[in-house]
Amino acid sequence: MGSEAHGIPTGWRRWVLSTNHKDIGTMYLIFAILAGIIGGAMSGLMRGELMEPGIDFLTNFTGGDVEAAKHFFNVLTTGHGLIMVFFMVMPALIGGFGNWFVPIMIGAPDMAFPRMNNISFWLLPAAISLLVISIFVEGATYPGVGTGWTVYAPLSTSGHGGPAVDLAIFSLHLAGASSILGAINFICTIFNMRAPGMTLHKMPLFVWSILVTVFLLLLSLPVFAGAITMLLTDRNFDTYFFDAAGGGDPLLYQHLFWFFGHPEVYVLILPGFGLVSHIISTFSRKPIFGYLGMAYAMVAIGVVGFVVWAHHMYTVGMDVDTKAYFTAATLVIAVPTGIKIFSWLATMWGGSIKFETPMLFALGMIFLFTIGGVTGVVLANAGVDTAMHDTYYVVAHFHYTMSMGALFSIFAGWYYWIGKMSGKPYPQFISKLHFWVTFVGVNVIFFPQHFLGLAGMPRRIPDYPDAYHLWNYVSTVGYMITGFGTLVFLVGVYMTLRSKERVGDNQWGEGATTLEWTLSSPPPFHQFNELPRIK
Amino acid sequence: MSLNKILSTVAVFLVTLLFGGAAALADGIYKAKPDQLGFMEPATEVMRDIVSFHNGLLIMCIAITLFVMFVMIYIFIKFNAKANPIPSKTTHHTGLEVVWTILPIVILLIIAVPSFRLLYLTDVIPEADLTVKAIGHQWYWSYEYPDHDDFSFDATMLSDEEAAAAGHPRLLGTDTHMVVPVNKTVRMIITAGDVIHAWAIPAFGVKIDAVPGKLNETWFKAEREGMYYGQCSELCGKDHGFMPIMVEVVSEEKYNAWIAMAREEYATNETDNLTRVASTLPAQQ
């Protein structure tokens, strides 16, 4: 057999020089967990500061210097955002689950370009290192990048001396290059390496979701790379792309950034949509309802996602007709998203539902994403958004879609596939405890933030007027609950990996119909030496 | 208003649920601001419209969320593995799919009509009675009164002790502040001297970015006298959270008296040349 012909590399060579999609997927997942812990710790520091009015928590980290603590808070918001977006959610969903299961689901032996897959992954540790280093070098008077993850000019150009912002830009360049290479790899794999009979319209929805996602990345990241390169030259080589004094325009940066940034947030959620479809179908023991509608709803979300970017910029002073257009375009997104929610409900309708842990996370994702979705419809209206723009209402909205939508689908995928990936079952009680604690925790963090936002509390401030105390306090209590939930998750990971039990080929029974369940758990180092035929 | 009451009740219930006996906190929200769950009390027609449109949207949000929730609960009861051991084989139903595509479109159209009305009401600037310029700096606001010989002054945040002594809320009080007459349409011209800031007064329904090199316009017509507070609403560096905005709305007579005082008091302050040129530009319709 072919797999024995080139054997399995051992030791560090297996990982550092890996060209195996499953090993690379595993490395992505480990990377995402580590980055998630860093990003989560950063949000803990922010919530610690915001628990009580006054600045007296972060000063513990700045030697009692209040001014440094204020800047440190901005560094934390920046770091938390960038790490969660580029180094947690994307590596987990696309690099991790995508690498592991896209080739298997389409009946391919590996990715199209295995060596490129290796460099895609290994750019990430370099990228996050640059970002972490930036925290410790000079930024705006104090160390670190305090621009927010959006890195708006001119705060990121004339507003930040020192090399911190440059390091962060290089970090984003590397992370972007990694994602572009990954995107090319997935596109080539999905278009060229499907097993005989696996037509596009028979492809599992997770593969569809990854396909749409990587197209969004491929088309939007170059724009972002261009924008931050212009930041770099504005900072260092006396160009004036974003400086009105030299004929440039600070708002040009925002347009370029959000032309990337809005598709990017769909990049974060679409793979979750795909994953949740599989899990709902598996545990309802029913095929997905309205398969074609589901696939093309994702395509529609992807396409429309490219023409709504300026709804992030309603208060920059745009022409009223432009705002009207972006309001209309943004509202349209609710239609395909609604199709997805209703189709998931219809998949469960008439099903025979088992409430295993992956299903719990998938159901939690559907419900909480609905809440994030309806507040999104509120924010889409430029007239109302004037009152909510840059307040905690926005923070609550996008954490309901990301921290509950994307993160819950990552956890759902983790429990769904950890048996397949490791060959070992996850602990029942601990995993369910993880779900319930996290479910309560995130809601206690983020639901009260709607109140704060309506009452006018701006985002990204380290101290607030006393009227906002109560809900900030509640929110921080929610963080502690969620933090405990994360510890439970890590205990569950440890118990899984230490488990002596083994799971069979198909852990979930007849509801699980995709190709990964035809392989052993864990799958062989090289699968499908003879291509499967899809009827 | 009644919606606010309902929300407040829900919140009190939540707080009681969360904290049980922690009376101090529950007590705090009764005293402080029972309406801190929703928007601030509106002081302009624009903000009143924003609040009423938002209340409509909120009802829609709650209805959709409850609908999804009840369908899910029904499914859990009716179609769990015990209650329904044999799953159905349905995979599609064209009629149903058409309905759940059309229905959201109809809901969105219902939203879009008042949404556009609100947008055009807030965004088209009516004939102004006076013009005030606000310039964002790291980290304070400057104000200029081009209608009155361009006198200008800076408004810097008061320390906690100074704010307490002056009777302003912590982090919201400034040493000097902008004054405008009640029931007059005020045209605001907003720009910035260094990085992007945003000038916002929640009770007016006003929030607009102060972008260096760009003049932004907005307007408000305050209906009640009083002191209005806002905060910078675009991340602008270390002291972004510490450059509050204070606007005092006064009667016509008090305003005229203040103008007379301010012209003398602030006469020696330097006015930024760049923005003086800008003030001569015609208003955009």
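A surface patch is made of residues with over 30% relative accessible area and no salt bridge, and nonpolar side chains are joined within 5 Å. The model used in these exercises is predicted.

**Exercise 1. Which residues form a nonpolar patch on the surface?**

Step 1. List the members. They are V98(B), I102(B), I105(B), V106(B), L109(B) and I110(B).
Step 2. Together they have about 520 Å² of accessible area.
Step 3. L109(B) is found in helix α4 of chain B, residues 94–123.
Step 4. Check its exposure. Exposed means over 50% relative accessible area. L109(B) has 54%, so L109(B) is exposed.

**Exercise 2. Decide how far strand β6 of chain B is enclosed by the rest of the structure.**

Step 1. Take residues 197–201. Five of the five are buried, so the strand is largely enclosed.
Step 2. Sort the directions. H197(B), W199(B) and I201(B) point one way. A198(B) and A200(B) point the other way, and these are buried too.
Step 3. Find the partner. Five bridges join β6(B) to β7(B), residues 206–210, and the two strands run antiparallel.
Step 4. H197(B) stands opposite A210(B).
Step 5. Look at the turn. Four residues lie between the strands of this hairpin, where G205(B) takes a positive phi near 70°.

**Exercise 3. Work out why C232(B) is in no disulfide.**

Step 1. Recall the bond. A disulfide is a covalent bond between the sulfur atoms of two cysteines.
Step 2. Count them. The structure holds zero disulfides over all chains.
Step 3. Compare distances. The nearest cysteine sulfur to that of C232(B) belongs to C236(B), 3.9 Å away.
Step 4. C232(B) is buried, with a relative accessible area of 1%.

Terms used:
Residues numbered from 1 in each chain as written. Chains lettered and ligands numbered in written order. Predicted model: local features only at pLDDT ≥ 70, side-chain atom pairs only at ≥ 80, totals over all residues. Heavy atoms only, no water. Buried < 20%, exposed > 50% of the residue type's maximum accessible area, 1.4 Å probe, protein only. Pairing = 2+ DSSP bridges. Disulfide = S-S within 2.5 Å. Patch = residues over 30% accessible without salt bridge, like charges linked within 9 Å, V, L, I, M, F, W, Y side chains within 5 Å. Areas by Shrake-Rupley, 256 points an atom, 1.4 Å probe, with all protein chains shown as cover. Salt bridge = Lys/Arg side-chain N within 4 Å of Asp/Glu carboxyl O.
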